Amino acid sequence: MARHFSGQLLRETRRAAGVSIEQLAISIGRSAYSIQEYQRGRVTPPIDVIAAMADVLGRPIEALLEDEGARAA
């Protein structure tokens, strides 16, 4: 089954790690606005940005991905 980036999982993972939107943005060289757009699901970040966010949050990339059918459920 295919997996894709989840803004909701980004938000949950970021909060669980105690990292603010601004801290995450600065750490990966993106704007806070970009992080907000990723979390809202309006923009899908490139894989290198997903990897950078996962690294900053101390989680594997898979923590920011969900199964394709998960949204329909």
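Biologist: What makes the contact of Asp-67 with Arg-3 a salt bridge?

Modeller: A salt bridge is a side-chain nitrogen of Lys or Arg within 4 Å of a carboxyl oxygen of Asp or Glu, and the closest N and O atoms of Asp-67 and Arg-3 are 3.3 Å apart, so the pair qualifies. The pair links distant parts of the chain, Asp-67 lying in strand β2 (residues 65-67) and Arg-3 in strand β1 (residues 3-5), 64 residues apart; strands here are DSSP runs of E with at least two residues, helices runs of H or I with at least four, both numbered from the N terminus. The model is predicted, with local features requiring pLDDT of at least 70 and side-chain atom pairs pLDDT 80 or more, whereas totals for chains, interfaces and linings use all residues. Residues are numbered from 1 along each chain as its sequence is written, and side-chain values use heavy atoms, without hydrogens and water.

Biologist: Why is Asp-67 called partly exposed?

Modeller: Buried means under 20% relative accessible area, exposed over 50% and partly exposed in between (1.4 Å probe, protein chains only); Asp-67 has 36%, and therefore counts as partly exposed.

Biologist: What makes Glu-37 buried, and which residues does its network join?

Modeller: Glu-37 has a relative accessible area of 8%, so it is buried. Salt bridges that share partners join Glu-37, Arg-40 and Arg-42 into one network. Arg-40, at 45%, is partly exposed, whereas Arg-42, at 58%, is exposed.
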